[in-house]
Amino acid sequence: MSSTLDLKQLATEIMNAYATRTLTPSPSSRDAAFNMADAYAVESELVRRRQAAGRTTTGLKVGYANKAMWRALKLETLVWAHMYDDTVVFSSGEASLSIERMVAPKIEPEIVFKVREPIAGADPAAILAGVEWVAPGFEIIDCVFPDWQFQPVDFVAAYGLHAALVIGQPRPVTAEIIPTLAEQLPKFKLVLSRNGDLVEEGSGKNSLRSPALCLGELARVSSLRPGDLVSSGTLTTPTPIAKGEEWKASLEGLDLPNLTLRLTV
């Protein structure tokens, strides 16, 4: 059964909520029949409107890259939403980002890929053969649903909660490094700190057992294209952020540089 909600009106309400920094009821709380097909229809409408306003899509972000969560939430796979040319920031390893327009932002350290060619195969090495480069990243997520309460369908319908992606220095993926990279990605440790204090430690295995496997699953279920950027799922618990803070992601056991982000108004 499909939802009786007006999906275009829902897209308008979600856009307006983010634009005005106000809360709005989640679609699933309004209609229990709101399903994933409805959610992706809203996401597609948001893409259409952003493109009509002159923006371009730059790739996809991943949500629920954890099979244990799939079982609990009755998902069959991960979910995704688009990112845009005005939400993605490239840096040399240190960056500043304004969060003034955000409602209740949180930070997620992730591994970012740029796709070179269609992703084929199911093992990490075959997946990485289609990648141009890999980099550390901070995804900033933001939620207009009260108390951050939402279901996967609500996540998809609200831009995937995507507010910004800050990308660190990329490393080209060549045939020579693929075997090592495939081995490192599920095992490396990430240390997340705020103003020099440890917040949490994460691992590549937190993204569908490996960010490479997460990329492969995304390619299987989405319209991923060559040239797209992919933010492959958080490696730690999403953590609230505030202006004036400095966040650092330090990577151990993976040949990528660290990434530092300063939050401004």
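This is a predicted model: local features need pLDDT of at least 70, side-chain atom pairs count only at pLDDT 80 or more; totals for chains, interfaces and linings use all residues.
Residues are numbered from 1 along each chain as its sequence is written, and side-chain values use heavy atoms, with hydrogens and water left out.

Let's begin with helix α3, residues 36-52. Helices (H or I, at least four residues) and strands (E, at least two) are DSSP runs, numbered from the N terminus.

Now look at what sits at either end. Asn-35 caps the N-terminal end, with a side-chain oxygen 3.2 Å from the backbone nitrogen of Ala-37. After the helix comes Gly-54, which has a positive phi, near 100°.

Which residues of α3 are buried (under 20% relative accessible area; exposed is over 50%, partly exposed in between, with a 1.4 Å probe and protein chains only)? They are Asp-38, Ala-39, Val-42, Glu-43, Glu-45, Leu-46, Val-47 and Arg-50. An α-helix has 3.6 residues a turn, so residues three or four places apart point the same way. The buried residues of α3 pack against α1 (7-20), β1 (57-63), β2 (79-84) and α6 (152-157).

On to the charges. A salt bridge is a side-chain nitrogen of Lys or Arg within 4 Å of a carboxyl oxygen of Asp or Glu, and a search of the whole structure finds 17 of them. One of these joins Glu-132 to Lys-114, with the closest N and O atoms 3.8 Å apart. That pair ties together distant parts of the chain, since Glu-132 is in strand β6 (residues 131-141) and Lys-114 is in strand β5 (residues 106-115), 18 residues apart. Glu-132 is partly exposed at 31% relative accessible area, and Lys-114 is partly exposed at 23%.

Another salt bridge brings together the side chains of Lys-189 and Glu-252, at 3.4 Å from N to O. This pair also links distant parts of the chain: Lys-189 lies in strand β9 (residues 189-194) and Glu-252 in strand β13 (residues 246-252), 63 residues apart. Finally, salt bridges with shared partners join Arg-50, Arg-55, Asp-85 and Asp-86 into one network.

Technical notes. The expected span of a helix is 1.5 Å times one less than its number of residues. Contact means heavy atoms within 4.5 Å. A polar contact is a pair of N or O atoms within 3.5 Å; within protein, one must be able to donate a hydrogen and the other to accept it, and residues adjacent in sequence count only if both atoms are side-chain atoms.
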